[in-house]
Amino acid sequence: MNAAATFPLRVAELTIDPIRRRIAGPGGEAPMEPLVMQLLLQLVDRQGQVLPRRDLFDHLWGNAQVGDDSLNRLVGSLRKALERTSSGAVQIETVPRVGYRLITEPRGGGVTRPITRRSLIAAGASSLVALGGAGLWRARKQSRVAEARRWIDRGDILLRDAVPLQAGDALPPLRSALGIDPTNAKALGLLALAEETRANNGGSANAGETLRAAEEAARAALQRDPGEPHARLAMIDITAGNLDWSQMEDRLEALRASAPANLHVLGSMTSFLQAAGRTSRSWLYNEQAVAAAPTSPTPQWRRALRLWTGGRDEEAVNLSERLLPLWPRHALVWNARFMILAFTGRTGAASAMLRSGAGAPGNAHPVTLAQWLPTLDAFAEPSPTSIASAREANLAAAQLNPGQATYAAMALSHLGEIDAAFAVIDGLLLSKGPLVANRPIVPRSFVANSPSWCRTQWLFLPPLAAVRNDVRFKGLCEEIGLARYWRQRGVRPDTRLPG
């Protein structure tokens with residue numbers, strides 16, 4: 001008998017509902033964690049016989065290496081739930097140095113007795129009998145697989161739609177899936193990608209440990225399925241510091257060829273190509289993602305930025321206006337709207353966003369009053385005094401963290417302060433100049449200052465047009481490897497959109 005039951009069971013005065021993961025009895029109801037429910041069902045399946053601890057480790061965790069404390073915690077949680085709901089009528093007996101068994105106590109007291117087959121009355125018992133042993137096993141296995149798939153799909157969507165800083169939101173459902181199916185390659189691959197995203201985007205307080213966990217999960221996934229796309233993408237990102245631009249593109253393109261509809265892969269291709277200054281090709285991949293996931297905020301905010309980059313300002317403004325009410329607390333939806341307004345002459349609307357205090361939480365690019373109020377004032381009414389005030393505010397912000405430095409480069413370029421913009425960029429991308437020494441390493445700040453990780457999308461946004469037209473830009477691109485990439489690929493940077 002397989003423990004992944006699909007029908008409600010009755011044990012003494014207790015009703016067990018495996019699908020809803022709840023138990024109910026004279027003392028009330030209690031929700032159950034997936035592994036706690038699996039433990040209960042394993043004990044029920046033994047029908048009062050002792051269930052060895054080693055069998056429980058195999059059933060609950062498979063090949064994963066977990067200690068005794070993990071099992072002891074589950075047993076303790078189950079005991080508390082049984083005591084509360086069954087009023088002591090269903091208990092777990094510890095058999096020293098062996099394992100556990102489930103026992104029941106008849107109403108009115110008496111000697112406790114093991115559960116027998118007769119004590120298990122399933123709702124719809126006639127249906128169970130009709131299924132037969134093999135059919136019942138298949139039905140229960142299918143239910144177990146379906147539940148794991150639901151958790152995986154939930155984690156996939158959370159990871160796809162999250163701001164990278166908040167990629168950890170995808171971890172609980174993925175771990176629930178692995179609690180049911182510890183060897184599921186897709187769940188392991190998504191777990192690896194979520195951990196890698198957290199580590200490399202400021203979402204972890206201990207990025208090194210998180211990155212090691214990502215690698216471990218990715219390798220486990222690839223052992224089970226060498227083609228698992230999420231694990232492969234995580235490994236590409238983990239090793240990105242050792243790759244040049246062409247190598248990075250080749251690996252991403254090979255992955256895309258094997259998983260052409262994968263939204264995470266399409267998103268990575270979109271970001272890489274925009275970072276390489278290839279706006280038209282970036283647009284094509286992002287449009288595929290928009291078509292595949294029209295209710296996801298991620299390709300939509302990217303689309304708004306691409307429209308702005310391609311000179312279609314009105315379309316960009318209109319799209320960002322539609323997106324913000326749908327995802328008002330999504331940091332990158334908020335940021336896209338704010339930037340488009342600020343840099344297209346709509347400083348009043350941008351200032352209203354800033355002053356409302358409704359900025360999205362978990363913002364990897366912090367939009368601060370100290371940096372942006374003088375900047376917007378200078379955009380609205382440029383004068384030597386207002387521009388000097390904005391320059392001072394942005395140079396100060398550039399020394400705080402990489403996210404604010406990217407904004408400073410854009411604002412200074414937009415104001416015509418090209419020397420100051422290059423000073424910020426040199427510090428950010430080349431670790432050169434006076435601004436480097438003063439900016440601390442911020443462990444939980446968005447890492448935007450490593451060209452080997454291909455995070456230079458902002459270089460090709462409209463506010464940097466004056467920088468790109470300066471003779472110094474060519475030397476910058478040589479130093480970060482972009483110029484060599486363009487020569488190898490026979491391409492030129494562009495800010496056009498197809499058609």
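A polar contact is a pair of N or O atoms within 3.5 Å; within protein, one atom must be able to donate a hydrogen and the other to accept it, and residues adjacent in sequence count only if both atoms are side-chain atoms. The model on screen is predicted, so local features need pLDDT of at least 70 and side-chain atom pairs count only at pLDDT 80 or more, while totals for chains, interfaces and linings use all residues. Residues are numbered from 1 along each chain as its sequence is written, and side-chain values use heavy atoms, with hydrogens and water left out.

**Stop 1: Ser296**

Select Ser296, in the loop between helix H11 (279–292) and helix H12 (297–309). Helices (H or I, at least four residues) and strands (E, at least two) are DSSP runs, numbered from the N terminus. Ser296 counts as buried because its relative accessibility is 0%; buried means under 20% relative accessible area, exposed over 50%, and partly exposed in between (1.4 Å probe, protein chains only). Now show the side chain of Ser296: one of its polar atoms lies 3.4 Å from the backbone nitrogen of Thr298. Not counting residues up to four places away in sequence, Ser296 touches Arg160, Asp161 and Trp327, where contact means heavy atoms within 4.5 Å.

**Stop 2**

Go to residues 9–11, strand S1, and residues 14–17, strand S2; the two run antiparallel and are joined by 3 bridges. Two strands pair if DSSP finds at least two bridges between them. Val11 stands opposite Leu14 in S2. The hairpin of S1 and S2 has 2 residues between the strands, and Ala12 there takes a positive phi near 55 degrees.

Next select strand S3 (residues 22–25), which pairs with S2 in the antiparallel sense over 3 bridges. Ile23 in S3 is the bridge partner of Ile16. Strand S4 (residues 28–31) pairs with S3, also antiparallel, over 4 bridges, and a hairpin through 2 residues joins S3 to S4. Within S4, look for Glu29, the bridge partner of Ala24.

**Stop 3: helix H18**

Which part of H18 is covered? Select residues 402–414: 12 of the 13 residues of H18 are buried, among them Pro402, Tyr407, Met410 and Leu412. The helix reaches 18 Å from its first C-alpha to its last, close to the 18 Å expected at 1.5 Å a residue; the expected span is 1.5 Å times one less than the number of residues. To see what the buried residues of H18 pack against, show helices H14 (331–343), H16 (369–380), H17 (384–398), H19 (418–430) and H21 (465–468). Just after H18, Gly416 takes a positive phi of about 85 degrees.

**Stop 4: the nonpolar cores**

A nonpolar core is a set of buried Ala, Val, Leu, Ile, Met, Phe, Trp, Tyr and Cys residues joined through side-chain atoms within 4.5 Å. Select Phe338, Trp372, Ile425, Leu459 and Leu482, the residues with the most contacts inside the largest core, which has 107 residues. H14 gives the most to this core, with 11 residues. A second, separate core of 30 residues includes Val44, Phe57, Trp61 and Val90.
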